[in-house]
Amino acid sequence: MKILEAHEKHNIKAAIFDFDGTLSTLRCGWEDVMAPLFEEYLNKTPNVKELVAEFIDASTGIQTVMQMQWLKDQVIKQGDEPMDVWDYKAEYNRRLMQSVETKKELAKDNKENYLIKNCENFLKALKEKGIKLYAASGTDDADVLKESAVLGLDKYFDQIKGAMPFSTDCSKEATLKSLMEQYKGENLLVVGDGPVEIRLGKEAGALTLGICANEKNLQGFDEAKIKRLTNAKAHVLIDSFENIDEILNWMEE
């Protein structure tokens, strides 16, 4: 556990989790699908690989359609006629889901191969404490519901919310704001591997737990995520949920 910032006493009554990369690794490698797609459409743009890599790193955690809006803007900037953002998203999803569907089938018999280490036991521990659990994702709502069910995580959550079809509303932001109407910031824990949810959590006054797991290994610190979440000013960084007692003690300090 890497403590980055001391926190005042929080009485956690609800926790909001990001899904992909925080709990699930079914979509591990999405960057390797998005980057070549963007590079194909931006083949007239100078230093395209560096530009795309920088954007993907900075935009991790936002809704996919907003990433496609950036692509559309860049296509216009290089002087080409762009497609609609939903067409870009459809092509990205088509490519990504080829690997995701394969993993979903494999996960039916070996779900632990696609879960960040010990995350299910952490969810159980929070439920046993009476903490309400919510999941918010930039992935399409129907997909995140299916994937959480395949991994056996759906039963732990009071609500799971993803991106709605043909909508640019931010499900994470909307869910967090909704929770703020029910809970004070000091009663909220935000858990995620992307800067979006961590920044939203900090703005809301919540306790923020940054997940920096190497998704291929399901644990172990990923240096890129450490940098990303340090910049987002997470309170604490962990590489997995292995040390549940340590995490709970930190939450209750």
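**Aromatic pairs and a helix face**

Modeller: Trp70 is buried in this predicted model, with a relative accessible area of 16%.

Biologist: Which residue does Trp70 form an aromatic pair with, and is that pair stacked or edge-to-face?

Modeller: Trp70 forms an aromatic pair with Phe38, and the pair is stacked, at 5.8 Å centre to centre with 25° between the planes. Phe38 belongs to helix 1 (residues 30-41) and Trp70 to helix 3 (residues 64-77), so the pair ties together parts that are 32 residues apart in sequence.

Biologist: And Phe38, buried or exposed?

Modeller: Phe38 counts as buried, because its relative accessibility is 0% and the cut-off for buried is under 20%.

Biologist: How many aromatic pairs are there in the whole structure?

Modeller: A search of the whole structure gives 7 aromatic pairs. One of them joins Phe17 and Phe122, whose ring centres are 6.2 Å apart with the planes at 70°, so this pair is edge-to-face. Since Phe17 sits in strand 2 (residues 14-17) and Phe122 in helix 5, the pair ties together parts 105 residues apart in sequence.

Biologist: Which aromatic cluster do Phe17 and Phe122 form part of?

Modeller: Phe17 and Phe122 form one aromatic cluster together with Phe157 and Phe241.

Biologist: Changing topic, which residues of helix 10 are buried, and what covers them?

Modeller: In helix 10 (residues 244-252) the buried residues are Ile244, Ile247, Leu248, Trp250 and Met251. Seen down the helix axis they fall within an arc of 160°, so they line one face of helix 10. What covers them includes helix 5 (119-128), strand 5 (188-192), strand 6 (207-211) and strand 7 (236-238).

Note on methods
Residues numbered from 1 in each chain as written. Predicted model: local features only at pLDDT ≥ 70, side-chain atom pairs only at ≥ 80, totals over all residues. Heavy atoms only, no water. Buried < 20%, exposed > 50% of the residue type's maximum accessible area, 1.4 Å probe, protein only. Helix = DSSP H or I, 4+ residues; strand = E, 2+ residues; numbered from the N terminus. Arc of directions from axis to C-beta. Contact = heavy atoms within 4.5 Å. Phe/Tyr/Trp six-rings, centres within 6.5 Å; stacked < 30°, edge-to-face > 60°.
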